[in-house]
Amino acid sequence: MLSNIRVVLVGTSHPGNIGSTARAMKTMGLSNLYLAEPRVEPDGHSIALAAGASDILKHLVKVDSLAEAIADCCLVIATSARSRTLDWPMLEPREAGVRLATEALNGPVAIVFGRENHGLSNEELQQCTYHVAIPANPEYSSLNLAQAVQIICYETRIAHLAQKEVAEEELTEYPLAADQERFFAHLETTLLSTGFIIKNHPGQVMMKLRRLFSRARIESQEMNILRGILTSIEKVTGSKDK
């Protein structure tokens, strides 16, 4: 998925910013860097500031316009200050990261950063699906280019990791309700046989144990292990699961 996310720098005028951007991208697992109408070429200063991310500089793509950089993208988000003159759908950085991570599952997406001195033109901003504004300190909102790239790339990575966690959880096998009831019956029988709970005075022990295991949400394999432990206890106590 991360390979479908590209960072597009428009009209970059400082070679060091290109290198710092590459470093910011690589720390978050992104690798596709596009330069649209760059005013400078990556140089030794770029490589020095890339700090080990020179492979991104080596494989970057240079194009003549923003339109060319985003032509095959299904989602384009531009970084921009909130504008009173251009009313456009706005996102917070966290929302932007989620949208980039989600739509990158289906195809290329882009996050666009403007020129160091005056950002993106209104025409360029209108080529983008959404705009994202970083809520910096209003009394001093001067983020440099690489810092802005780092923030959006970080939010995108967080969203990507959350996706992976959900996908892994969906692959986990959990016991059916009937299996859980058999486990709790087995647990109660075993605890009765050991004298841990008394049949005529069970109290709230089983209810609290149910709550404990529900909160833990044990997996099928873990439940099988617990059933095995209960069976081993039964062999010692001479009781038998009913």
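Predicted model: local features only at pLDDT ≥ 70, side-chain atom pairs only at ≥ 80, totals over all residues.
Visitor: Why is aspartate 179 called partly exposed?
Guide: Its relative accessible area is 27%. Residues are numbered from 1 along each chain as its sequence is written, and side-chain values use heavy atoms, with hydrogens and water left out.

Visitor: What makes arginine 182 and aspartate 179 a salt bridge?
Guide: The closest N and O atoms are 2.5 Å apart. The rule asks for a side-chain nitrogen of Lys or Arg within 4 Å of a carboxyl oxygen of Asp or Glu, so this pair qualifies. Both residues lie in helix α8 (residues 177-194), three residues apart, about one turn of the helix. Arginine 182 is partly exposed too, with a relative accessible area of 47%.

Visitor: How many salt bridges does the structure hold?
Guide: Seven. One of them joins the side chains of arginine 6 and aspartate 72 at 2.8 Å, N to O. Arginine 6 lies in strand β1 and aspartate 72 in the loop between α4 (66-70) and β4 (75-79), so the pair ties together parts that are 66 residues apart in sequence.

Visitor: Is arginine 6 buried or exposed?
Guide: Buried, at 7% relative accessibility. Aspartate 72, its salt-bridge partner, is partly exposed at 46%.

Visitor: How do you know which state glutamate 124 is in, buried or exposed?
Guide: Its relative accessible area is 7%, so it goes down as buried. Glutamate 124 has a salt bridge with arginine 115, the closest N and O atoms being 2.7 Å apart, and arginine 115 counts as buried as well, at 16%.

Visitor: How do you know that β1 and β2 pair?
Guide: Five bridges join strand β1 (residues 5-10) to β2, and the two run parallel. Pairing takes at least two DSSP bridges between two strands, so five will do. Strands here are DSSP runs (E, at least two residues), helices are H or I runs of at least four, and both are numbered from the N terminus. Arginine 6 turns up again here, with asparagine 32 in β2 as its bridge partner.

Visitor: Why is β2 described as largely enclosed?
Guide: Four of its five residues (32-36) are buried, so the rest of the structure largely encloses it. β2 also pairs with strand β3 (residues 61-63) in the parallel sense, over three bridges.

Visitor: What makes β3 and β5 edge strands?
Guide: The open sheet has seven strands in the order β3-β2-β1-β6-β4-β7-β5, with parallel pairing. β3 and β5 (90-91) each pair on one side only.

Notes. Buried < 20%, exposed > 50% of the residue type's maximum accessible area, 1.4 Å probe, protein only.
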